[in-house]
Amino acid sequence: QVQLMESGGGSVQAGGSLNLSCAGAAFTYNSNCVAWVLQAPGQGREAVAAVYTRSGTTYYPNSVKGRFTISQDNTKSMVYLRIDDLKPEDTAMYYCAAGTARWGGACSLNADDYTYWGQGTQVTVSS
């Protein structure tokens, strides 16, 4: 059982930055991909970053490249998400999720492919 806990959310003004943390991302065979997934009010889940924990290879959708940075600290079983130049449309609940890499070691950017989820941390961006 993989247990995840997010922290670091809050209320910030547009243009600012936030660092989110995901604790307990135990890197096992069944959880060698960790993703950050956001869900805005009334919207579906959207993966904004993923990391293959065995190699550190990162994955981003084209829509967020340059503003979101995922990183990991394997010694502490932590995964981080830094968000720069925050925009009001970034307002959402941010979840850390863990799952199994695809054949060959690539991580999915489909939220439905992740098995283990944290409770989420709220990010609110004001203009």
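# A tour of strands, disulfides and cores

In this predicted model, begin by selecting strands β7 and β8, which pair in the antiparallel sense over six bridges. Within that pair, display S71, which stands opposite Y80 in β8.

Four strands form an open sheet in the order β1-β3-β8-β7, and the pairing is antiparallel. Strands β1 (5–7) and β7 are the edge strands, each of them pairing on one side only. Neighbouring strands of this sheet are turned by 20° against each other on average, with direction ignored.

Is S21 buried or exposed? At 16% relative accessibility, S21 counts as buried, because the limit for that class is under 20%. To inspect its surroundings, leave out residues up to four places away in sequence; S21 then touches M5, E6, S7, W36, M78, V79 and Y80. Y80, one of these contacts, is the residue that stands opposite S71.

Now select the cysteines. How many disulfides does the structure hold? There are two disulfides. With the bonded cysteines of the chain numbered in sequence order, the pairing is 1-3, 2-4.

Centre the view on C22 and C96, which are joined by a disulfide with an S to S distance of 2.0 Å. The torsion about this S-S bond is about -70°, so the disulfide of C22 and C96 is left-handed. C22 lies in strand β3 (residues 18–23) and C96 in strand β9 (residues 92–99); the pair therefore ties together parts that are 74 residues apart in sequence. C22 is buried, with a relative accessible area of 0%, and C96 likewise counts as buried at 0% relative accessibility.

Move on to C33 and C107, which form a disulfide with their sulfur atoms 1.9 Å apart. This link is left-handed, with -90° about the S-S bond. C33 lies in strand β4 (residues 33–39), whereas C107 lies in the loop between β9 and β10 (116–117), so this pair ties together parts that are 74 residues apart in sequence. Both C33 and C107 are buried.

The tour now turns to the nonpolar cores. In soluble globular proteins, nonpolar side chains tend to be buried together. Which residues have the most contacts inside the largest nonpolar core? Select W36, F68, I70, L81 and Y94, which hold that position in a core of 28 residues. At least two residues of this core are supplied by each of β3, β4, β5 (45–52), β7 (68–73), β8 (78–83), β9 and β11 (121–126). The largest share, four residues, comes from β9.

Y94 is then in contact with E6, L20, W36, V37, L38, F68, L81, I83, G120, T121 and V123. Among these contacts, W36, F68 and L81 are also listed with Y94 as residues with the most contacts inside the largest core.

Definitions and conventions: Residues are numbered from 1 along each chain as its sequence is written. This is a predicted model: local features need pLDDT of at least 70, side-chain atom pairs count only at pLDDT 80 or more; totals for chains, interfaces and linings use all residues. Side-chain values use heavy atoms; hydrogens and water are left out. A disulfide is a pair of cysteine sulfur atoms within 2.5 Å. Buried means under 20% relative accessible area, exposed over 50%, partly exposed in between (1.4 Å probe, protein chains only). A nonpolar core is a set of buried Ala, Val, Leu, Ile, Met, Phe, Trp, Tyr and Cys residues joined through side-chain atoms within 4.5 Å. Contact means heavy atoms within 4.5 Å. Two strands pair if DSSP finds at least two bridges between them. Axes are lines fitted to C-alpha atoms, for helices over the stretch in contact, and angles run from 0 to 180 degrees between N-to-C directions.
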